[in-house]
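The following exercises concern the packing, pairing and exposure of residues in one protein chain. Each task is followed by a solution in steps.

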Amino acid sequence: MEYSDYTNWIHERSIRGNVFFSLDDIEKNYPGVSKEVIRVALSRMQDNGLIVSPWKTFYIIVPTEYKLKGEVPPSYYIDELMKYLHRDYYVCLLSAATIYGACHQRSQTYYVMASGKSLRDGVKNGTKLVFSQRQDIPKAYVRQVKTQTGMMNISSPLMTALDIINMESKIGGMSRSAEIIAELDESFKLSSADYELLKTYPVPVIQRFGYILSILEYDEHAQWVADACKALNIKFRKTPLKAGKPCDESHEIDKQWKLIINTQIEIDEL
């Protein structure tokens, strides 16, 4: 089997708009060829910049506009990859915030929330894919946005903010979380938001969210959180502002949100 046979197969697929394929697809197309020969051909095509593989056994035919860069952005393939992995998902954290205009610097990390067992993080084509797990993804609060290849799932602005607080250690800490929430402010539209989303998060996350809104002086948003908690009968208990950081009697307690202020959020950075 000539190397050109495989490149012709790739070219014909791309002409038909089939820019994604799996190892299984190519093995089925060449049933008489050994797996080893096919893997060598795939490796050569990757070396020549014809295809990239963001996940083992999953391949992308590199579109012309990305050949010079040598990398394909995750937004191009993430929906198809998650279908291939049979996972519900949504793009989250800073990657979702960027779509809402809240992060102005392009991150080399792409954050994805996925259902099921944990997925291994890794650097793929110049971008680090970071996966978080959530057993039950609240699909009612997931939005879809257009991409070059179709659609992809992203968290709503409110879900983005709650995830940022819930996983603040992944994105740079509480001050960074407050900074992103401040930038997300115009996207929230909490007056029409559904209280029920709050029930899908631990209560301390809601307390921290309300506190951050308060110190940012987003009083209407903070009141929305307080009203939602009252309507949902969510009860607060004393809990640290910064999870995992020691607390003692010297730390102030915020009376409204019942948070032990064991870290300072740097407002000057906002």
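A nonpolar core is a set of buried Ala, Val, Leu, Ile, Met, Phe, Trp, Tyr and Cys residues joined through side-chain atoms within 4.5 Å. The model examined here is predicted.

**Exercise 1.** Identify the residues that touch the most other members of the largest nonpolar core, and list the contacts of Ile-181.

*Solution.* Step 1: the largest nonpolar core holds 76 residues, and Met-82, Ile-181 and Phe-209 touch the most other members. Step 2: leaving aside residues up to four places away in sequence, Ile-181 is in contact with Ala-161, Ile-165, Phe-188, Phe-209, Ile-212, Leu-213, Leu-216 and Tyr-218. Step 3: another core, of 16 residues, lies apart from the largest one, and its members include Tyr-6, Trp-9, Ile-10 and Ile-51.

**Exercise 2.** Determine how H7 and H10 are oriented relative to each other, and classify the residues in their contact.

*Solution.* Step 1: the axes of helix H7 (residues 157–166) and helix H10 (residues 203–215) are 9 Å apart and form an angle of about 105 degrees. Step 2: angles of 65 to 115 degrees count as roughly perpendicular, and H7 and H10 are therefore roughly perpendicular to each other. Step 3: H7 contributes Leu-158, Ala-161, Leu-162, Ile-165 and Asn-166 to the contact, while H10 contributes Val-205, Arg-208, Phe-209 and Ile-212. Step 4: by class, these are seven nonpolar residues, one polar and one charged.

**Exercise 3.** State which residues of helix H5 are buried, and describe the backbone at His-86.

*Solution.* Step 1: within helix H5 (residues 74–84), the buried residues are Pro-74, Tyr-76, Tyr-77, Ile-78, Asp-79, Leu-81 and Met-82.

**Exercise 4.** Characterise the surroundings of Gly-116.

*Solution.* Step 1: Gly-116 belongs to the loop between strand E5 (109–114) and strand E6 (122–124). Step 2: because its relative accessible area is 24%, Gly-116 is partly exposed. Step 3: beyond residues up to four places away in sequence, Gly-116 touches Arg-87, Gln-133, Arg-134 and Gln-135.

Technical notes:
Residues numbered from 1 in each chain as written. Predicted model: local features only at pLDDT ≥ 70, side-chain atom pairs only at ≥ 80, totals over all residues. Heavy atoms only, no water. Helix = DSSP H or I, 4+ residues; strand = E, 2+ residues; numbered from the N terminus. Buried < 20%, exposed > 50% of the residue type's maximum accessible area, 1.4 Å probe, protein only. Contact = heavy atoms within 4.5 Å. Axes fitted to C-alpha atoms, helices over the stretch in contact; angles between N-to-C directions. Parallel < 35°, antiparallel > 145°, perpendicular 65-115°, else oblique. Nonpolar A, V, L, I, M, F, W, Y, C, P; charged D, E, K, R; others polar.
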